[in-house]
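Subject: Structure handover

Hello,

Here is the structure I said I would pass on. My notes on it follow below.

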Amino acid sequence: MSWLQRRVYAWAPLLGAASRRSCLQSLGLDRSVLPAVSPQSRAPLSASGGNLRGSYFILGWSIDSRQRAAAAAVPTSYSSSSSSSPCCCRHFSSQSSRSSGRDKMSDPIPITGKKLRPRLQGRSSLQNAEPPDVHNKTGTLKQIHCSQSLPGTPLSLKSFPIHLPTSMDGKYKEIAEELFTRSLTESDMRTAPYEFPEESPIEQLEERRQRLERQISQDVRLEPEILLRAKQDFMKIDSATDLQHYKDQIDATTEKYPEEKENEIEQEFQRVRIFGEEKCGVPFTDLLDAAKCVVKSLFVREKYMALSLQSFGKTTKRFLEQLGDRQCQANMHDETLEAPISPDTTIHSPFAEEHPYENCDPSIMPEDTGFGCKMIDGVTHVYSESNIMDKTTELNLPRPDLQEFTADMNVLMALIINGPVKSFCYRRLQYLSSKFQMHVLLNEMKELAAQKKVPHRDFYNIRKVDTHIHASSCMNQKHLLRFIKRSMKKNPDEIIHVENGKGQTLKDVFESMNLTAYDLSVDTLDMHADRNTFHRFDKFNAKYNPIGESILREIFIKTDNYIEGKYFGHIIKEVMEDLEESKYQNAELRLSIYGRSRDEWDRLAKWAVKHKVYSNNVCWLVQVPRLFDVFRTKKQLNNFQDMLENIFIPVFEATINPRNHPELHLFLQHVVGFDSVDDESKPEHHIFNADSPLPVNWTEDDNPPYAYYLYYMYANMTVLNHLRKKRGFNTFVLRPHCGEAGPIHHLISGFMLSQNISHGLLLRKAPVLQYLYYLDQIGIAMSPLSNNSLFLSYHRNPLPEYLSRGLMVSLSTDDPLQFHFTKEPLMEEYSIAAQVWKLSSCDMCELARNSVLMSGFSYKVKGYWLGPHYQKESIEGNDIRRTNVPDIRVAYRHETLCEELNLITQALITAEQLENDSINMTPVSESR
Ligand SMILES: [Zn+2]
């Protein structure tokens, strides 16, 4: 047992009881079989367990100047030479006391006081010491270097395009481990350093302010003119200096965005501009440190997106490229349309006449490439010969490097708790909210007028996608009830289930329950979440069984049962028909692959093809429940690699030789990505770092942590994507459930590895991450009704706040079976959001447009739905005749994002210039 594990086990008794999460309950697994965390089972395993408390977990968060001076004077292995940045002091004040205890955990980080090159002398205390390079012990300037050179890892992966020293360099690993450990021990995360505590005055003030603002914006509707005039007076330019400044500002903007300037002429709307030297309200040194952290994080994400063929924000990429010498790799593979769509074409995308599952003849499928594949250390390797013994035949498919990933994760961990960065991001987010408030005050009428001008289009007939919905609960309870009753009437004598070797009909099943079709009602079905399920996952989970009977769930909402998922196929097809009938509603349904056995994929594909479960309004995501612990406890798996092989090897095989898996080949064409699901608030007993056991050695009953699951899914998906791209097949993206509950570092894994996420509730507590999600416009599929039943009451949901700040949020339903009442759950979701939060028609249309943008539908289909140029930035990409989103809103969002990115990148560029100046200004030594 490693030192770290002992440490974790020693603290396990303090963990809260495992809370149980919902979504995957729809998948047919009873969480009650999970091993409970009992204090006895995790009693301290070493005598030193008790002593760990004092030396490792009590961190000082402040330090007075005397201590600071003392810390600087006495070099310990932890205080990074003479760095005296306030954040360092705050977060590492007590670290020297820990040095004796950390022995085997990791290699000592080399600390060299040697300056590598002069940087910004005298400008900032943050730059006093050239920090040591955590990855490169020789101290050269290239940052991320890994010693191993694996085939398949492209060179670009190994370095940042520019050198960005921050005040925390050299300490990332310690900080990250400290944080991980805290997240293990603090199940409720009350005092986690990256958030503002719930009961803090800041949040209370925030809430009061928001209430007031909502009130004001309501009043504005009544008396817009008066308030508008007041605001305009307030904004009036009244001094000559201001005027001059304003002129300079305009000139600067023209230089930077000439193309936008053109648009501006056409798009007259009221803007709020900020003048002054320190426009962001913090000193330049703070801005610079924050900018470095933010840019560094964005480069990390760009790297992982590029490697896995996922996409990265176009605008963000453009700004990052100004900094580095090289082009960003992400989006190099942007799909371009073979035949451009005419701007005036219909909003409905044409679809093939033939049913895509009609022709399942292996002989017309792509040929066998004769490749072989094998999983090594949790990641699939592909060989050009089916005889995989010959290592020289390995294909050069890119894949991530584990050491590098954990190092990158540590960097991000450290960044999100850096005090100054945190308060910088918090300020920017506050600013974004306020700016939006002003935008609405000034332009609401114009936006509305623009919408009214568009003929025919309104909120009802714009495309919307339910970006997060589970197939097994995609029907509402009334629908399921009717379906059950109909099945009882139509096929009372069909054998639908086998129990103890004896076939049972639906009639038998209901008789054994003492029920007739007539007795059944929505109340007896009892599947709706209600006020008793809030923070009671056990109760919520029970709701997944119709009438509390798991057998009914087995019969009606499973793909893999005695009747081969016939009923489930039918009911999903009915849901699909409803969607098609509504014309403009689409859904991304999640189907499960558990990783228990190798034939799950083929069976799932056979189910889809046999019952022709397909609709142009639906695309599939495959969700993998994080249930290794359950299967391992039942001895269904030997180690974690078994699970990974069951999940990925069949897809590799179907990609290598589609003729051997004809159904799977067809089905995969309609799968757009992978999801990872489970109760995130379940305590994690491990930390994922470079010392974690490899999947093949993960044999204990405990579940691997969230990041571990995500990393290995990402790694295999990356190799798979490159293989599929080689073959001209569709590729996949990672879209996990992330940040619904539990520790905030899940959102870091999500940020690094996934295209977009579902939930993201916890971003409200992590300003740095929220700002990063904003800057790269990472999609967040939010489900406030689902949250309202489980985690966070509706009025506290951060969706309106995220939307006002310009995060890429969309509305989704999660589980209509549990949360919704009507035949159109997505409309219900929009309707409630609009009424509770007083969303304008423009807000609603923006949400709908976001949902299409972040969805997995093809570029071509999106071109019809949003406009042929939807991939272009700003208003060029918007077609109000299709989206009903006014250009004013799109332009506002784009300009605001550009301003934020500009602020960040300009800070770095200015610093670079200052540095060059300071080199030139070094006094020449006078010879005597
Ligand atoms: Zn879900």
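Which strand does I495 lie in? I495 is part of strand 4, residues 495-499; helices (H or I, at least four residues) and strands (E, at least two) are DSSP runs numbered from the N terminus.

Before the rest, a word on the source. This is a predicted model, in which local features need pLDDT of at least 70 and side-chain atom pairs count only at pLDDT 80 or more, while totals for chains, interfaces and linings use all residues. Residues are numbered from 1 along each chain as its sequence is written, and side-chain values use heavy atoms, with hydrogens and water left out.

Surface patch

I495, V498 and Y562 make a nonpolar surface patch of about 260 Å². Patch residues have over 30% relative accessible area and no salt bridge; like charges are joined within 9 Å, and nonpolar side chains (Val, Leu, Ile, Met, Phe, Trp, Tyr) within 5 Å. Areas come from the Shrake-Rupley method with a 1.4 Å probe, and for residues only the protein chains shown count as cover. I495 counts as partly exposed because its relative accessibility is 35% (buried is under 20% relative accessible area, exposed over 50%, partly exposed in between; 1.4 Å probe, protein chains only).

Helix packing

Helix 13 (residues 419-453) packs against helix 31 (residues 841-854) at an angle of about 90 degrees, the axes being 9 Å apart. Helix 13 is therefore roughly perpendicular to helix 31 (65 to 115 degrees; under 35 is roughly parallel, over 145 roughly antiparallel, the rest oblique). Axes are lines fitted to C-alpha atoms, for helices over the stretch in contact, and angles run from 0 to 180 degrees between N-to-C directions. On the helix 13 side, F436, E447 and Q451 meet S841, C842, D843 and C845 of helix 31, contact being heavy atoms within 4.5 Å.

Salt bridges

The structure holds 28 salt bridges (a side-chain nitrogen of Lys or Arg within 4 Å of a carboxyl oxygen of Asp or Glu). One of them pairs D675 with R590, with the closest N and O atoms 2.8 Å apart. This pair links distant parts of the chain, D675 being in strand 8 (residues 671-677) and R590 in strand 6 (residues 585-592), 85 residues apart. D675 is buried, at 0% relative accessible area, and R590 is buried at 1%.

D879 forms a salt bridge with R881 (3.1 Å, N to O) and another with R882, where the closest N and O atoms are 2.9 Å apart. D879 and R882 are both buried, whereas R881 is partly exposed at 40%.

Regards
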